[in-house]
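Please consult the sequence and the model shown below while reading.

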Amino acid sequence: MEGVKEACGVFGVYAPGAFVSQLTFDGLFALQHRGQESAGMAVSDGETVMVLKDMGLVTSVFDERGLSSLQGDLAIGHTRYSTTGPSTWHSAQPVYRPSGKAGFALGHNGNLTNTESLAVEAGMLGALTSDSDVVAELLAQRFPDESKALSGKVEADHLLDALCEVLPRLEGAFSFALMDCDRLIGVRDPHGFRPLCLGRLDYNVDGEARTGWVIASESPALDICGAQLVREIEPGEMVLIDASGPRSSWPFGEEAKDACLCVFEFVYFARPDSRLRNREVYAIRRKMGELLAGQQPVEADLVIGVPDSGVTAAEGYAAASGIAFGQGLIKNRYIGRTFIAPTQEARALGVRRKLNPLRASIAGKRLVVVDDSIVRGTTTRQLVKMLKEAGAAEIHLRISSPPFSWPCFYGIDTPSRDELLAAQLSLEEMNANIGSDSLEFLSLANLMESVGADPEGHGICRACLTGDYPTEVPLSLKDRSAVLERELVASKH
Ligand code: SF4
């Protein structure tokens with residue numbers, strides 16, 4: 001489909017004696033919605049780090065035989081949707097480097113904003129596969145050469161030293177799961193754009209009770225393994241887990257930066273059963289719908305949601321407005337969350353592949369149709385047309401987030417500004433362009449209230465809605481003309 005695309009999911013488990021590859025498979029399966037292009041895992045038995053990765057869904061990359069061959073004490077895993085670098089096997093993660101005793105592996109969720117300068121420093125500008133690869137290379141380059149290591153001249157903890165040197169040089173968004181042969185490491189950037197949580201896993205080996213540890217992008221990946229959510233890893237925190245349990249350090253300095261968790265984790269990316277900032281995402285999405293109903297009421301017969309993430313907000317809208325809630329669209333469950341269509345024409349067909357209207361339920365009805373966002377508008381236009389052809393009398397579109405007017409540089413794949421509908425058209429023009437009878441968006445203030453933030457949005461990134469980026473974004477990434485255009489577009493809304 002044409003909407004915003006997830007970046008990636010990361011997972012890691014430290015549980016000697018447990019079936020860590022199976023646990024990683026389960027964790028990745030729970031994070032499949034964050035990336036469907038490729039999946040991979042790295043497993044260590046204390047002596048070697050084995051990596052298995054391939055293009056495709058978690059269930060197509062791993063089978064029972066593959067998992068059985070990956071025995072070890074700790075593992076990391078990754079599901080990928082490409083934002084930097086091509087969608088090829090070489091860019092699939094975890095990224096591995098053979099540095100140190102048995103090498104190290106890294107999985108990344110997010111997007112760096114200074115990849116180019118880091119790639120120059122790493123000497124890999126022409127050979128760039130992804131920002132994650134550049135980070136792995138910079139870390140590897142800080143290990144001593146083999147002769148030094150073998151002569152025993154260097155006794156330091158090379159991976160930790162390299163991390164302490166390289167991490168503060170990274171700009172942008174990153175939640176990392178890293179490992180070497182006997183340690184699992186989770187790192188969250190100082191702004192905490194992407195989520196990362198820590199869980200405790202109580203398990204048994206031959207009747208002996210043991211405690212293991214799990215890190216994951218979202219809490220359902222802990223639930224599926226039987227782990228208990230301990231807490232979110234803090235922005236700027238690095239958690240190292242080994243036989244002594246988890247230990248925190250602050251490689252970016254102990255001074256707290258402004259946390260900036262991506263607001264679209266609440267609106268769209270995270271699973272409704274995820275817990276973010278101690279609240280279930282389902283309740284937050286429902287609140288968005290409730291506030292939207294109060295803010296933008298309309299006379300109608302039925303409220304329907306656009307599957308999947310629009311449905312919860314639709315429930316909230318119906319409850320607050322008193323209009324009946326019902327199903328009006330059936331989703332093909334086998335299409336996956338992203339259907340990658342290379343052209344606008346193919347994308348236009350995408351909606352019929354994914355959704356089909358329940359004709360008898362909607363015929364002759366005035367519908368409130370709740371969706372999470374409008375990006376290019378292609379899908380929404382097709383959706384409105386399809387619902388009208390199916391007999392809907394009126395279509396009142398209600399969007400559970402404000403207009404998406406600015407591109408994201410923090411790990412979400414969004415088109416450039418000239419393809420973002422809200423950056424090009426006024427509200428009235430968008431409504432006419434889409435063909436709906438009315439179109440309204442949740443206000444920024446109500447979105448902030450839904451996610452539990454203050455009206456200024458402290459602790460939340462909302463740059464794609466406001467154009468105020470929380471970090472310096474190089475002009476080479478920004479559309480230069482968009483910077484000049486900003487005031488003009490802002491005045492349209
Ligand atoms: S710019 Fe938008 S999509 Fe990107 S991290 Fe910020 S809120 Fe999320």
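## Overview

Of the 493 residues in the chain, 53% count as buried; a residue is buried if 20 or more other C-beta atoms, placed from the backbone, lie within 10 Å of its own, exposed if 12 or fewer do, and partly exposed in between. This is a predicted model, in which local features need pLDDT of at least 70 and side-chain atom pairs count only at pLDDT 80 or more, while totals for chains, interfaces and linings use all residues. Residues are numbered from 1 along each chain as its sequence is written.

The chain holds 19 helices and 24 strands; these are DSSP runs numbered from the N terminus, with at least four residues (H or I) for a helix and at least two (E) for a strand. Among contacts between residues at least 6 apart in sequence, 73% join residues at least 24 apart, a contact being two C-beta atoms, placed from the backbone, within 7 Å.

## The nonpolar core

The largest nonpolar core has 143 residues, and those with the most contacts inside it are Ile-76, Ile-215, Val-303 and Leu-367. This core draws at least three residues from each of domain 1 (8–257) and domain 2 (283–452). A nonpolar core is a set of buried Ala, Val, Leu, Ile, Met, Phe, Trp, Tyr and Cys residues joined through C-beta atoms within 7 Å, and the domain bounds come from an automatic or database domain assignment.

Apart from neighbours within four places in sequence, Ile-215 is in contact with residues including Gly-12, Ala-177, Leu-198 and Val-239. Val-214 belongs to strand E10 (residues 208–216). Val-214 counts as buried because it has 29 C-beta neighbours inside 10 Å. Again leaving aside neighbours within four places, the contacts of Val-214 include Gly-12, Val-13, Leu-222 and Ala-227.

## Pro-16 and helix H1

Pro-16 lies in the loop between strand E1 (8–14) and helix H1 (20–30). Pro-16 has 16 C-beta neighbours inside 10 Å and therefore counts as partly exposed. Its C-alpha is 6.6 Å from that of Leu-74, although 58 residues separate Pro-16 and Leu-74 in sequence.

Helix H1 is mostly covered, with 10 of its 11 residues buried. Among the buried residues of H1 are Val-20, Asp-26 and Phe-29.

## An open parallel sheet

Five strands form an open sheet in the order E18-E17-E21-E22-E23, with parallel pairing. Its edge strands are E18 (324–325) and E23, each of which pairs on one side only. Two strands pair if DSSP finds at least two bridges between them; strand E22 (residues 394–399) and E23 pair in the parallel sense over 4 bridges. Ile-399 has Phe-441 in E23 as its bridge partner, and Arg-398 stands opposite Glu-440 in E23.

In a regular strand the side chains alternate between the two faces of the sheet. Strand E23 (residues 438–441) has a covered face of Leu-439 and Phe-441 and an uncovered face of Ser-438 and Glu-440.

## The ligand surroundings

Which residues surround the ligand? They are Phe-193, Cys-262, Val-263, Phe-264, Cys-408, Tyr-410, Ile-412, Cys-461, Arg-462, Ala-463 and Cys-464, where a residue is near a molecule or strand if its C-beta atom, placed from the backbone, lies within 6 Å of it. Helix H9 (263–269) and helix H18 (463–466) are the elements that give two or more residues to this shell.

By class, the shell has 10 nonpolar, no polar and 1 charged residues. Here Ala, Val, Leu, Ile, Met, Phe, Trp, Tyr, Cys and Pro count as nonpolar, Asp, Glu, Lys and Arg as charged, and the others, Gly among them, as polar.
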